[in-house]
Amino acid sequence: MPETAARYREDYQRLHSELPGQGLGWLRELRQAALQRFAERGYPTPRDEDWKYTNVAPLLRQVFVPASASGRQDGLKRADIAAHLFDVPGLPLAVFVNGRFSAALSDLSGLPDGVVVRSLREVLEQDGAAVEGMLSTQPLQEPRGFIELNTVFMSDGAYVRFAPDAQIDHPVHLLFISSGTEPTATYLRNSVVAERGSRGAVVEHYVSVGDAPSLCNVATRCVLGRNAALEHYKLNAEGGGAYHFAGLHVEQAEGSRYVSHNIAAGGRLIRNDLRGVLGGEGSECVLNGLYLGRGRQHIDNHTFVEHRVPRCISRELYKGVLDGQSRGVFSGHVVVRQDAQKTDAQQMNHNLLLSDDAEVDTRPQLEIYADDVKCSHGSTVGQLNPDVLFYLRARGIGEPLARRLLVAAFAQDVVGRMGSAPVREWAEKLLATRLMH
């Protein structure tokens, strides 16, 4: 690990002058402190309980070049990314290529009053004080190593703000593209603020153009004000050589409602860490997730929901479909603090194994310190029901189609919960494509 820390220190020395916000003293100190913490702590290992089933050793064997220095766009045109766009007129689109915002590929002309979408780099260069609080790493609970390097090398990201009582009909589409022929690392930091009474939706969408290995290290923070509502989609459809490590931190005020839809289907290794804090009475947190593994993919989802105050609701449903030699991990942890009376929390994880070599590890956990609560959790792991399969085949449906129908029905329980029609159709198309191959 000392060699790894030395390599990152050299990268920082080489790139720091090109990173955004170098004129901000507080940001320079933040980056330096994070670099020092990484040198002391390094990456997690399988000896860490939360990383027992996910080994980052393959990541260390590959040298990724941080993309922040050149801001390389690889000459992409709109036609090159058309397959990753939603066919919805007027849908706000912000495109980031190799960790940098691309004004040429984006279209933010349709934003309604009260909705702001900017690149983090632009905000840091023009009004850094506006995001100082959002970039603090203190409340973030992402795994050690990754959040430190994200802080050191963050080159850009999306800054989205819904003003008080603002509403938007379509989700804001944030498209993050890894492109090129060399192994490239991108470090993104996203901030989403839904102020009092606002209603909004955001899509974080990660894709690859090209087959080069890539590393995406992203940290996203969502803050919901009183009675705000935010629907948050995270779609991962990166290429087979992609490593994706994402941390998401959600803070909710009184009466707010946060809904997460997390679809993980691309990449070689995906790790999602989600932490939700219900800090205002009457708030609600809904987490829906679907992970689709094939080949030798490794997909790891860790969620942590903390009930701090009374009369809050959390609902969590994650489903996994694993084929080939893929491996899935689900770790869901709900904590109900002593003051969080009248908590209503439900958590479920269901998994479908389509091959003898597929594997899943599931750990739903409840930790309760209050006495007047209604909480439940559970998990299942199984295969396609042979009786149902036989029933379909007996009615003239071939086995391949019968299997696809059953898998689609299993996954639809998650996909069907998406509120945005174009995103839901994207997920249905992705699922259909996966089932055909």
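## Buried rings

A residue counts as buried when its relative accessible area is under 20%. Keep that cut-off in mind as you look around this predicted model. Tyrosine 43 has a relative accessible area of 2%, so it is buried. Tyrosine 8 is buried too, at 7% relative accessibility, and phenylalanine 38 comes in at 1%, which also makes it buried.

## How the rings meet

There are 15 aromatic pairs in the structure. One of them joins tyrosine 8 to tyrosine 43, edge-to-face, with 6.4 Å from centre to centre and 75° between the planes. This pair ties together distant parts of the chain, 35 residues apart: tyrosine 8 belongs to helix α1 (residues 2-15), while tyrosine 43 is in the loop between α2 and α3.

Tyrosine 43 also pairs with phenylalanine 38: the centres are 5.2 Å apart and the planes sit at 85°, so this pair is edge-to-face. Zoom out a bit and you'll find these rings in one aromatic cluster, whose members include Tyr8, Phe38, Tyr43, Trp51 and Phe153.

## Two helices crossing

Now for helix α2 (residues 25-41) and helix α6 (residues 146-153): their axes come within 8 Å and cross at roughly 145°. The crossing is left-handed. Among the residues making the contact are Phe38 and Arg41 of α2, along with Val152 and Phe153 of α6. Sorted by class, the contact has seven nonpolar residues, four charged and one polar.

## Charges over rings

Arginine 7 places its charged end over the ring of tyrosine 8, 5.2 Å from the centre. Elsewhere, arginine 395 lies over the face of tyrosine 391, 3.7 Å from the ring centre.

Notes
Residues numbered from 1 in each chain as written. Predicted model: local features only at pLDDT ≥ 70, side-chain atom pairs only at ≥ 80, totals over all residues. Heavy atoms only, no water. Axes fitted to C-alpha atoms, helices over the stretch in contact; angles between N-to-C directions. Helix = DSSP H or I, 4+ residues; strand = E, 2+ residues; numbered from the N terminus. Left-handed = near helix turned anticlockwise from the far one by under 90°. Contact = heavy atoms within 4.5 Å. Nonpolar A, V, L, I, M, F, W, Y, C, P; charged D, E, K, R; others polar. Phe/Tyr/Trp six-rings, centres within 6.5 Å; stacked < 30°, edge-to-face > 60°. Buried < 20%, exposed > 50% of the residue type's maximum accessible area, 1.4 Å probe, protein only. Lys NZ or Arg CZ within 6 Å of the ring centre and 35° of its normal.
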